[in-house]
Structure formats: C-alpha cells, structure tokens
Amino acid sequence: MIVTETPIPREFYSHFKLFHEMMAIKVKEILLVSSPYDAFIMEEDGSLASRIINEYSGLNLSHPPRVTQTASALEALSILGRKEFDLVITTPYLEEMDAFSLSRKIKHARPTLPVILLSHTPRGVFPLPENRDCSGIDKVFIWSGNSDLLLALVKNTEDHLNVANDTLNAKVRVLILVEDSPVYYSSFLPLIYKEVVKQTQAVLGVGLNEEHRLLRMRSRPKILLANTYEDALTLYDRYRSYLLGIISDTRIPKDGTLTENAGFLLLSQIKKDIPDLPMVLLSSEPGNRDLAMRIPAVFLDKNAPHLLSELHDFFMNDLGFGDFIFRMPDQREIARAADLRSLQAQLPQIPDESLWYHARRNHFSSWIMGRSEIALASKFREVKASDFNDAESLRGYIISSINDMRKWQQKGVVAKFNKNSFDAEIMDFVKIGHGSLGGKARGLAFMAALLHQNMGIYEKYPDVTIRIPKTLVISTDSFEAFIQMNSLKGLANQSIPDEKIKERFLGGELPDWLVSDLKVYLSQVNTPLSIRSSSLLEDAQFQPYAGLYKTYMIPNNHSSFSRRLDHLLTAVKLVYASTYYEGPRAFARSTSNNPQEEVMAVIIQELAGDTYGDFFYPAVSGVAQSHNFYPIAPMTPEEGIVHIALGLGKTVVEGEKTLRFSPKYPTVLPQFSMVDDILKNSQRHFYALQISNYPETLNFEQHGNLNKRDLNDAQKEYPVISLASTYVPDEHRIRDTSTVNGTKVLTFAQILKYGSFPLPELLMDMQDLGKKGMGCPVEIEFSVNLGSPARKKTVFNFLQIRPMVAGNDCFDVQIDSEDIRKAFCCSRQALGNGKNEEIADIIYVKPDTFKAEATVQMAAEIGQMNAELIKSNRRYLLAGPGRWGSSDRWLGIPVQWQHISGAGAIIELRNDKLKADPSQGSHFFQNITSQGVFYITVTEGSEDFWDWHWLNGLPVIREMTFMRHVRLDYPMTIKIDGKASRCVMVKPD
C-alpha cells in the first residue's frame with residue numbers, strides 16, 4: 001500500500017482555532033427596562049426572556065442570553081451599578097424619566113454599553129424627535145409581535161461588536177443592509193437573520209461533530225445595519241474586502257435629506273468597484289425594478305406576498321447557500337454540486353467555458369465562503385482566473401485545493417459517522433454511535449488533536465509523512481446493545497472458560513444499525529484492517545489493562561464482499577468476547593473493579609504496512625517509553641527507552657526478541673556489544689499478515705490471524721534488505737550491509753548508525769509532545785513504512801499512546817550494610833519503591849528440573865498455586881528464569897495475568913539457562929508496574945545474588961514437577977530504593 005500525503009497548506013493550519021476566536025463578545029446579560037403596559041403588550045404570548053430562549057432553541061443556537069427586567073428607570077440605574085450587562089433594551093415611556101434621559105445617564109456611566117429603544121409603535125420615536133437629545137440611543141426597533149425580532153436584535157448587536165475582530169483575524173464575510181425606516185428593518189432584519197442561520201446550519205451538517213458544527217456557526221456572515229447613504233459608504237469602505245453582498249432600500253437619507261434614488265446610486269457606485277458582488281435593491285414601488293436592472297441587481301418588492309421566498313432564492317442562488325450550479329456563459333445549467341465533495345467530483349467533467357465563466361466571477365470563492373470554509377474561500381478570492389495559462393491548470397488548482405481542505409478539516413477531529421456522507425478518502429477519525437470512545441481510542445483522538453495543534457513537527461521532518469492510520473471507532477453503546485440483545489451480561493461474573501465465552505459471543509447478533517454502517521464503511525475501504533479493543537478502562541494511568549484484550553488483523557481484500565463483511569463482524573465479536581475472558585476479569589479483581597461494569601469500544605484501523613509478496617507488514621514496529629526503568633550509563637531514566645522489531649508490533653508488546661536503544665544514544669546497544677551477543681540476541685522471527693492465498697475462514701486463533709515468519713524467508717524483501725546486516729563466518733564479523741554473502745542479522749544499523757531515517761530524533765520529539773500533553777511519562781506504540789523507489793517518503797505511523805506509572809513519588813528507603821548481610825536476595829535492577837513486610841510465601845522454579853521447552857507447563861503450575869493463595873488471601877514472591885509474560889516460550893515463562901494475579905513481588909533470574917533482557921517494553925510489564933508489584937531483575941554471577949541454599953532449606957507447602965511453594969514462619973522484609981533501583985530481601989529474624 002502506498003500512502004501519499006500532500007504538504008499541509010499553511011493557510012489551513014489554524015482551521016478550527018479561528019472558530020474558537022470568533023464572536024469573542026457575546027450578549028449574555030440583557031437589562032430590559034419597560035413600563036408595565038409595554039411589557040404586557042410584548043409579553044402577551046409569554047415573557048420576553050422565554051421568547052428569546054425559544055428562538056435560540058428553535059434555531060438550535062447555543063447560550064441564549066439571560067434577561068433581567070425592571071419597570072423603574074431609577075431601579076435600572078441602580079442595577080447597572082451592581083451588575084455587568086451586555087445590552088440594555090428600553091421602551092419609550094417610563095415612570096421616573098423617559099427613555100432618552102435614561103439612555104444618556106446609562107451612556108454617561110457606561111459609554112460603550114449598547115442601548116436599544118424598542119417601541120410597539122413608531123409614533124414619537126421615528127423619526128427621532130429633533131427637540132430631544134437622543135445621543136444615548138444606538139438603534140430604534142419597532143415591536144410588531146414577531147418574536148423573531150428578539151433574535152435579530154441580539155445577533156445584530158453582537159455582529160456590530162465583533163465585526164472588526166472577526167473580519168481582520170478570520171476574514172468573515174459581511175452583508176450590509178441599508179434601510180432608514182425602523183418599521184421596515186424591524187421586520188426585514190429578522191427575515192435575513194433567520195435565513196442566514198438556517199442556511200448556515202444546513203451547509204454545515206456534513207462530516208463534522210456537534211462541537212465543531214456549533215463553532216462553525218460563529219463564522220456565519222455578519223449583518224450590519226446602515227440607516228443612511230453615508231453610513232453605508234463608511235461600512236463599505238471599512239469592510240469592502242470582506243463583503244458577501246449588499247441589500248439596500250431605494251429611498252434612503254443622503255446629505256441629510258431623504259433621497260428617492262440614493263439606494264440606486266449607492267449600489268451603482270459599489271458595482272463599479274466590485275462587479276461580481278451580489279446586490280438587492282428594495283422598494284415598495286414596483287416601478288423601481290428598472291433601476292435594479294440598470295445596476296444590475298436583484299429587485300425585491302417590499303409589499304410582495306412572497307417576499308420571504310424571494311429572499312430565500314437570493315440566499316440560495318446569489319450568496320452561495322444553495323447548490324453550486326454549473327452554467328455555460330449563456331446561463332444554461334449543466335450540472336449541480338451540493339457540497340465540497342460533489343463539487344470536487346464534478347470539476348473534472350465540467351467544460352472549459354463553464355470553468356472560466358465561474359472562475360472569472362469569483363463564484364467558487366463565494367459559494368465556498370457560504371460553507372464557512374474561510375481559509376479556502378479567501379485563498380480562491382486572492383487568485384485571479386487570469387493567473388492561469390489554460391483551463392487544465394486552473395482546474396487542477398481548484399481540485400487540489402479543495403482536496404487539501406477536505407483532508408485537513410478532518411485533522412484532529414472525531415467526526416460522527418454518517419452513512420450518507422462518509423468519505424473514506426478524507427475522513428481520518430470517525431465514530432459510530434453515541435457512547436464512549438474507550439481508553440485506547442481516546443488516547444488516539446487526543447494525540448490526533450495534539451499533532452494538529454503542533455504543526456511544527458511536520459515542518460521539522462519534511463521528508464517523513466507523520467500520520468495516525470485512518471480510524472473508525474465503534475463506541476461503547478454498540479457493545480451494550482449487543483450484550484443486552486443476546487442476554488450475555490451474566491457471563492461477566494461467571495467462571496466460564498474463555499472458549500465457551502467465545503462461542504456464546506460468536507453466536508450473537510450485532511445490532512442492525514451497526515451492521516448497516518459497517519457495510520457502508522467496507523464499501524469504501526479495502527485495505528488490510530486491524531480490529532483492536534478500546535475498553536472504558538484501557539490505558540488508564542494506574543490500571544492500564546494493557547494487552548489483556550484481543551486484537552485481530554484481517555486482509556479485507558476477498559473478492560466476495562459478504563466474506564469481507566463476515567471477517568470484520570467476526571473480529572468485532574471476538575474483541576467483544578475478550579471483555580469477559582479470565583485475564584481481564586482477574587486483573588479487574590486485583591484493581592477492585594467490577595468486571596460486569598466494563599464496556600468495550602472497538603477500533604477498526606487501517607493496518608500500517610506495505611505489501612511484500614503474499615504478506616503485509618511494516619518495516620519497523622516499536623514501543624517508545626519516555627521513562628527508562630533500567631538505564632545503563634550514559635543513559636538516564638528521563639531520556640526514555642525504545643524497543644523495535646521487524647514486522648507487526650506483536651513481537652514487541654508480547655516480550656519477544658527486540659532491539660533496545662535509548663533515542664538519545666541510538667548507537668549504544670548493550671545487548672549488541674559483541675558479535676556473539678548480536679547473533680544470540682537479534683530477532684529471528686517476525687509477524688506479518690497473509691493477504692493472498694489465505695483460508696476462506698481466517699485463522700483468528702493463530703496469533704490473531706497473523707503468520708510468524710522466519711527472517712530467512714524474507715531475505716529478498718525490501719525491509720530486510722534495508723535493515724539487516726550480514727554475519728560473515730570466515731571473518732567472524734558483522735558487516736552493515738545485506739548485499740554480501742552470509743547470515744542476515746537484524747541490527748537496524750542503517751537507521752541507528754547511519755541515520756537513513758531520523759527515528760531516534762522523531763521519537764524524542766513525540767515523547768516530549770506526549771509528556772507535555774498528558775502531564776506524565778508516556779508510552780507510545782508506532783510503526784514505520786520505509787521510503788522505497790515506489791514511495792519517496794518514509795511514513796511514521798502513530799498507533800497508540802498511554803500514560804505510564806514511573807514512580808515519581810519515591811520516598812527515601814534506606815538500605816544499609818546490615819540489610820545486605822541478612823539478605824537472601826540483592827539486586828541493582830529493581831522497579832518500585834518502598835518496604836513490604838507482609839510476604840511469607842515464595843513460589844519459584846526448581847533449577848534442577850527447569851527445561852526451556854517446558855515453560856508452558858510451568859505457567860499452568862504457577863496458575864494452580866496462585867489460585868490457592870488467592871483463596872487464602874496470601875500475597876507471595878514469584879521467582880524464575882527469563883522474561884515473565886513473554887509469548888516466546890524460549891525467552892521465559894509465558895504466564896498471563898490470571899496466572900500471577902496474587903503476586904506481591906516478582907523476580908526475573910538472569911542466568912545461563914535464560915538470559916533475556918528485562919521486559920519493560922511489553923504489555924505484561926506495563927500492567928505489573930501499574931499495580932505496584934515490585935519487579936526485580938537478578939543477574940546471577942554478578943554483584944546481585946540469590947541464595948539458593950537458604951531457599952532450598954525452607955519448609956515445602958506444595959511441590960509440582962517444575963514449581964515449588966515454600967513458606968516462612970514470619971514475613972520477610974523487602975526494601976526497594978526506587979531512586980537507586982536497588983533491592984534487598986531480608987530474611988526474618
């Protein structure tokens with residue numbers, strides 16, 4: 001699979017940040033001053049406050065303002081002295097003083113506070129009386145019983161307060177209404193606002209979640225009201241670069257006199273400056289239609305019975321809120337586009353003449369601005385059609401710009417899945433359902449947002465495509481519906497074998513609405529998929545549930561769609577079933593959580609990798625931890641540690657052979673210090689997904705449907721050629737190339753030693769970003785698709801992030817010489833901090849019967865002893881050779897959580913039988929540390945020691961083929977100095 005990403009257009013960087021910064025000044029508190037009679041007239045059908053609230057909710061707008069009402073002018077002034085308000089609405093006739101006197105007093109105390117005069121009749125207020133000082137009144141509106149006026153009144157006030165900031169910083173469009181009569185603009189302004197809000201909502205419903213839909217509403221056009229020719233020209237001069245359109249009455253004041261054709265003169269003058277600007281000429285005289293045609297402009301008759309319908313047509317056809325109608329120069333319609341997606345799809349087929357016709361008139365910019373795509377509309381507005389030599393270069397520019405915008409408007413956003421508008425090409429993170437994303441998906445969504453907010457990392461690595469694979473999340477409400485539909489809830493607290501639970505879940509039916517959505521998803525997606533768990537508690541900091549649930553991979557390329565769907569639905573059910581498996585239930589009991597309360601979301605994610613023959617896998621998979629529990633000089637704990645492997649990440653997270661390095665010192669490799677060490681410790685097998693010649697029913701039980709391949713079988717595949725070195729036996733040396741004869745050895749030298757890809761540097765930056773975002777050490781899972789002749793850029797795939805428990809709360813623990821003298825165990829690689837004086841039981845592997853080929857049987861014996869001690873509520877010390885929890889039985893004992901859930905401390909013995917590196921990169925290790933279980937590595941034959949002689953002399957409680965359980969008369973004392981990573985276990989006196 002080849003991944004292509006265009007560079008991020010700089011104008012799209014702050015796509016949603018713009019929306020947050022718009023409409024900074026809101027009308028939240030209104031003071032209404034009205035006589036009882038005026039209040040009665042306006043509230044005949046309900047209070048003014050409730051009418052405002054109803055208008056807001058009816059149009060699905062957020063945060064309606066709160067209204068404080070008083071009938072007294074003096075009381076109003078008193079209230080203003082005690083409380084902040086954003087707007088004052090007053091009626092003309094008040095008991096102590098009239099509205100004009102009140103407004104002047106208000107302006108004297110609060111000069112910038114808007115004051116609106118609201119009257120139920122124009123008599124006495126329009127025109128404003130010349131013998132009165134009306135300087136305190138900002139606007140006059142006439143109440144006619146239409147509650148829409150209240151919405152328009154508030155929104156118009158907000159528009160005037162915010163227009164300067166929002167046009168300058170966000171290039172929001174401006175619509176100017178020129179009307180001097182408060183009777184007319186009090187009825188016409190609500191029509192305009194209602195139309196603007198409804199049409200803006202209509203075009204914002206595609207591909208966004210509710211939060212961003214509400215934010216985008218802030219980018220609707222600002223509507224500015226001018227009462228005179230001069231006022232209109234002032235607004236035009238100030239905001240001409242942002243004009244969406246202008247609506248003007250024909251007869252308006254000019255030079256202090258009501259002039260019959262002033263509106264015509266105004267529009268004619270502006271038309272000369274901006275020929276393609278949409279205009280409306282209003283008049284109550286039908287004969288003025290001829291004037292409108294001379295401008296030219298749309299003509300609306302104020303007295304027409306279908307005025308609202310004609311206004312609607314103007315918004316749809318001229319202001320860009322309707323379909324984009326492709327026309328030929330003779331106005332003949334040839335095609336339509338309802339949204340950006342269909343516009344992009346139509347453009348390749350549109351004739352050159354039509355393309356030039358629309359481009360020269362800025363139709364694309366106007367229509368796109370109507371969809372609140374401010375950055376793209378502004379970009380198109382700044383480019384002229386004459387800048388292009390031919391139609392094909394113009395067409396390519398428009399298509400690529402729209403495509404970039406559609407892709408990047410989804411970055412950092414969790415969009416709600418809509419089967420009618422889902423577009424797999426541009427949607428990066430989509431959610432089905434209304435429930436929770438779960439812990440793992442929540443971490444991915446957080447990192448997507450974090451990367452979107454820190455675009456500098458993309459600029460720092462221009463030759464690397466940094467991405468989160470396209471993700472669909474089935475939220476937790478689907479799991480709850482599945483459990484209820486199939487009566488599976490009771491299984492959570494029953495001791496039923498995992499196999500029986502799996503059968504019950506596979507026999508269940510998924511909700512019809514989920515299957516329907518997944519069919520739409522699969523119809524557009526045919527790349528290999530990873531189906532991953534994302535339970536509610538997964539990846540929490542102190543109880544991460546890491547690796548306890550199942551993950552499955554499917555090729556998703558079968559010729560039969562129904563077979564592909566069956567593979568996907570089966571994988572989803574199997575992930576659901578793992579919620580109730582014994583491992584997670586045992587872990588839940590150790591954390592005091594109720595297994596019945598756990599719910600599961602499912603991540604369906606594009607599998608990161610490339611195709612090599614019959615297989616699909618990434619060149620590198622890894623886990624990067626920002627805290628290194630076992631640093632070796634010159635490393636420090638805060639510099640972190642990375643584990644990498646060839647192929648899919650199962651090798652790393654399940655504790656098999658990997659390469660370990662510090663991202664600050666990538667060439668310092670303790671496990672590769674000598675040739676023999678490299679031959680012994682290097683990776684020999686890797687995991688890949690078979691994508692051709694696979695069985696009809698996938699083998700989900702075999703490594704989650706993965707194949708474990710031998711390195712020798714992939715010697716001719718690009719990742720091995722790029723990452724392997726060669727052992728030359730005759731020279732007993734390793735050459736950092738795969739082109740010479742000899743045994744191929746995975747050293748990753750081209751990356752770590754020669755810097756073919758800046759993986760160490762990129763991981764340090766990612767760790768820093770994650771730490772700052774989460775406020776604690778983090779663990780990151782990632783993969784890399786190497787650049788190749790087919791794809792120039794290397795791809796870094798960000799797969800998961802979770803917080804780590806790194807022991808930052810260490811308190812002083814003193815270990816003195818007397819402790820060491822009395823100790824039966826001493827270690828310089830210990831994880832944890834504190835003192836434990838409650839453990840008297842020890843379970844350990846008998847060295848005389850140990851066989852590496854029998855580690856699976858050892859895990860079963862440990863599980864039996866663990867169950868008995870849990871019943872007795874006795875914590876114990878567990879000791880054995882190799883790497884605990886590794887899925888590679890030759891590296892250690894492959895226990896799962898249910899086998900060791902009662903352990904209070906665990907020892908990894910490194911000796912001649914098994915000398916694996918500490919397992920800090922595995923899921924098992926993450927769960928152990930989160931539970932506060934002391935974890936100690938003892939390297940026999942070094943300064944560490946483990947007293948076998950003393951241990952073998954203790955009373956035996958139970959002995960099995962490979963395991964022995966002994967008990968002390970009194971508890972031992974375990975001390976761990978977390979700052980120095982030292983541990984002693986002191987024999988009881």
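Q: Does Phe748 count as buried or exposed, and at what relative accessibility?
A: Keep in mind that this is a predicted model. Phe748 sits in the loop between strand S31 (743–746) and helix H28 (749–752). Buried means under 20% relative accessible area. Phe748 therefore counts as buried, at 1% relative accessibility.

Q: What is the phi of Phe748?
A: Most residues other than glycine have a negative phi. Phe748 isn't a glycine, yet its phi is positive, at about 55°.

Q: Where is Asn556, the non-glycine residue with a positive phi?
A: The phi of Asn556 is near 55°. Asn556 is also buried, with a relative accessible area of 2%. Its place is the loop between strand S20 (552–554) and helix H23 (561–578).

Q: Which two residues does a cis peptide bond join?
A: Most peptide bonds are trans. Here we've got a cis one, with omega about -5°. Look in the loop between helix H11 (289–294) and strand S12 (298–301), where Pro296 is found. The cis bond joins Ile295 and Pro296.

Q: Which backbone oxygen does the side chain of Thr726 reach?
A: Thr726 is found in strand S29 (residues 724–728), and at 0% relative accessibility it counts as buried. Leaving out residues up to four places away in sequence, Thr726 touches a list of residues including Arg733, Ile734, Val740 and Lys744. Its side chain comes to 2.5 Å from a backbone oxygen, that of Thr737.

Q: Which residues touch the most other members of the largest nonpolar core?
A: This core has 70 residues. Helix H18 (residues 438–453) gives the largest share of it, seven residues. The ones touching the most other members are Met766, Phe782 and Phe796.

Q: Is H18 roughly parallel or roughly perpendicular to H29?
A: The axes of H18 and helix H29 (residues 759–774) come within 11 Å and cross at roughly 110°. Angles of 65 to 115 degrees count as roughly perpendicular. So H18 and H29 are roughly perpendicular.

Q: How many nonpolar residues are there in the contact of H18 with H29?
A: From H18, Phe446, Met447, Leu450 and Leu451 take part, and they meet Met766, Leu769, Gly773 and Met774 in H29. One residue of this contact is polar and none is charged. The nonpolar count is seven.

Q: What percentage of the chain's residues is buried?
A: The chain has 34 helices and 45 strands. Among its contacts between residues at least 6 apart in sequence, 73% join residues at least 24 apart. Of the 989 residues, the buried ones make up 60%.

Notes. Residues are numbered from 1 along each chain as its sequence is written. This is a predicted model: local features need pLDDT of at least 70, side-chain atom pairs count only at pLDDT 80 or more; totals for chains, interfaces and linings use all residues. Side-chain values use heavy atoms; hydrogens and water are left out. A nonpolar core is a set of buried Ala, Val, Leu, Ile, Met, Phe, Trp, Tyr and Cys residues joined through side-chain atoms within 4.5 Å. Buried means under 20% relative accessible area, exposed over 50%, partly exposed in between (1.4 Å probe, protein chains only). Helices (H or I, at least four residues) and strands (E, at least two) are DSSP runs, numbered from the N terminus. A polar contact is a pair of N or O atoms within 3.5 Å; within protein, one must be able to donate a hydrogen and the other to accept it, and residues adjacent in sequence count only if both atoms are side-chain atoms. Contact means heavy atoms within 4.5 Å. Axes are lines fitted to C-alpha atoms, for helices over the stretch in contact, and angles run from 0 to 180 degrees between N-to-C directions. Angles under 35 degrees count as roughly parallel, over 145 as roughly antiparallel, 65 to 115 as roughly perpendicular and the rest as oblique. Ala, Val, Leu, Ile, Met, Phe, Trp, Tyr, Cys and Pro count as nonpolar, Asp, Glu, Lys and Arg as charged, and the others, Gly among them, as polar.
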